[in-house]
Amino acid sequence: MISLGGKTAVVTGAGRGIGRAVAGLLIREGVNILAFSRTRSALEILQAEEDAGPGRCAVCPGDVTSEDDVRRAFEEASAFGTPDILVNAAGLALFGPLGRCSFKDWNELIGANLTGTFLMCREAVRTMGSQGHIVNIGSLAGFTPFTNSAAYCASKYGLVGFTRALSMELRAEGREGLRVTLIHPGSTDTGLWDGQNWSPPAHDMLRADDVAGAVLYALKQPPNASVDEMRLLPVKGIL
Ligand SMILES: NC(=O)c1ccc[n+]([C@@H]2O[C@H](COP(=O)([O-])OP(=O)(O)OC[C@H]3O[C@@H](n4cnc5c(N)ncnc54)[C@H](OP(=O)(O)O)[C@@H]3O)[C@@H](O)[C@H]2O)c1
C-alpha cells in the first residue's frame, strides 16, 4: 500500500453522499482536495468539518455538465499541484416507468452520470500525463437491469463501456501509470434515495464510508497493481 500524503485530488459530488465520504477520507489521508459539486454551502460544510486535515480542502462550486466549470476545477486544483487523482462521484438517480421520464429528466440523468464523467476524464487525461488515478463510481445497475430504471441503467451501462475503453486506450498509449478504476457499489444509504417511490431498508444498505474505503483501497495499490473494477455489495446482496 502506498501513501497518498501530499497528492492532489479532484472529487466530484463532494458535497453529499459517497463523494462527501471520499473527500473526507482522502483529506484525513493527507490528500489536498478540490471539492466540486453545484451547492457551495454543502462544500463549505465539508471544508469546515475536515478542517483538521492533514490534507487541505478547496471548494469549487460547479456543474459536471459544464465544460467551463470542469476546466476551472482542474485549474483551481493545480494551486495544490498537478492533480494526481480524480474521483467521479457526482451523479443522480431518477426511478419510475419510462413513460413518465421527461426529456429533461433523461438529459439531467445522462448529463450528471455519463456526460459529466466524460468531461472530467477528458480533462484528467489532458492534464495528468502518465501518472495518476481516475476512479469512477458506477453501480450494480451497470450490469444488472432493474425495473423502473431504464434511464439510470443506460447511464451506468454506458459508464462501464466508457471506463473500460478509456483504460484500454491509456494502456495502448503506454500510459498505464495513469490507472483507471470502476467501482460498482450496491445500494448505499445516501440522499440519492430521498423522494424516490421506493428504496431498500436503510439499515441493509452500504454506508457511504464503505464505498469511500473501497476507493481508498484502489488508490493505495502499489504502482505495479491496478484495481480495474470492484463490486461492493451490501452483505445481503442485491437489495
Ligand atoms: N446511493 C446509492 O445507492 C448508489 C449505489 C450505487 C452507485 N451510486 C452512485 O454513486 C454516485 C453518488 O451517489 P450518492 O449516493 O452519493 O448521491 P447523493 O448523496 O445524492 O450525492 C450526489 C452528489 O453529486 C452532486 N451532483 C449531482 N449532480 C451534479 C452535477 N450535475 N454537477 C456536479 N455535481 C453534481 C450532488 O451535489 P449538488 O446537487 O450540490 O450538485 C451531490 O454532492 C452516483 O453516480 C450514483 O449513481 C449510488
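## Basis

Residue numbers start at 1 in each chain and follow the sequence as written. In this predicted model, local features need pLDDT of at least 70 and side-chain atom pairs count only at pLDDT 80 or more, while totals for chains, interfaces and linings use all residues.

## Ligand shell

The ligand is surrounded by 30 residues. A residue is near a molecule if its C-beta atom, placed from the backbone, lies within 6 Å of it. The closest are Gly13, Gly17, Arg38, Thr39 and Gly91. Helix H1 (17-28) and helix H4 (103-127) are the elements that give two or more residues to this shell. Helices (H or I, at least four residues) and strands (E, at least two) are DSSP runs, numbered from the N terminus.

By type, the shell holds 11 nonpolar, 16 polar and 3 charged residues. Ala, Val, Leu, Ile, Met, Phe, Trp, Tyr, Cys and Pro count as nonpolar; Asp, Glu, Lys and Arg count as charged; the others, Gly among them, count as polar.

## H1 against H6

H1 packs on helix H6 (residues 208-219) at about 55°, with the axes 8 Å apart. Axes are lines fitted to C-alpha atoms, for helices over the stretch in contact, and angles run from 0 to 180 degrees between N-to-C directions. H1 is therefore oblique to H6. Angles under 35 degrees count as roughly parallel, over 145 as roughly antiparallel, 65 to 115 as roughly perpendicular and the rest as oblique.

H1 contributes Gly17, Ile18, Arg20, Ala21, Val22 and Leu25 to the contact, and H6 contributes Ala208, Asp209, Val211, Ala212, Val215 and Leu216. Contact requires C-beta atoms, placed from the backbone, within 7 Å. The residues of this H1-H6 contact divide into 9 nonpolar, 1 polar and 2 charged.

## H4 against H5

H4 and helix H5 (residues 150-172) pack at about 15°, their axes 9 Å apart. The two helices are therefore roughly parallel. H4 crosses H5 in a right-handed sense. On the H4 side, the contact residues include Trp106, Leu109, Ile110 and Phe118; on the H5 side, they include Tyr152, Lys156, Leu159 and Phe162. The H4-H5 contact divides into 11 nonpolar, 4 polar and 2 charged residues.

## Backbone exceptions

Most residues other than glycine have a negative phi, and most peptide bonds are trans. Gly53 and Pro54 are joined by a cis peptide bond, with omega about 10°. Pro54 sits in the loop between helix H2 (40-49) and strand S3 (57-61).

Asn148 is not a glycine, yet its phi is positive, about 60°. Asn148 lies in the loop between strand S5 (132-137) and H5. Asn148 has 17 other C-beta atoms within 10 Å, so it is partly exposed. A residue is buried with 20 or more such neighbours, exposed with 12 or fewer, and partly exposed in between; C-beta atoms are placed from the backbone.

Ile134 belongs to strand S5. Ile134 is buried because 25 other C-beta atoms lie within 10 Å. Beyond neighbours within four places in sequence, Ile134 contacts Leu86, Cys121, Ala124 and Val180.

Gly99 lies in the loop between strand S4 (85-88) and H4. Gly99 has 5 C-beta neighbours inside 10 Å, so it counts as exposed. The C-alpha atoms of Gly99 and Phe36 are separated by 33 Å, with the two residues 63 apart along the chain.

Conventions:
Contact = placed C-beta atoms within 7 Å. Left-handed = near helix turned anticlockwise from the far one by under 90°.
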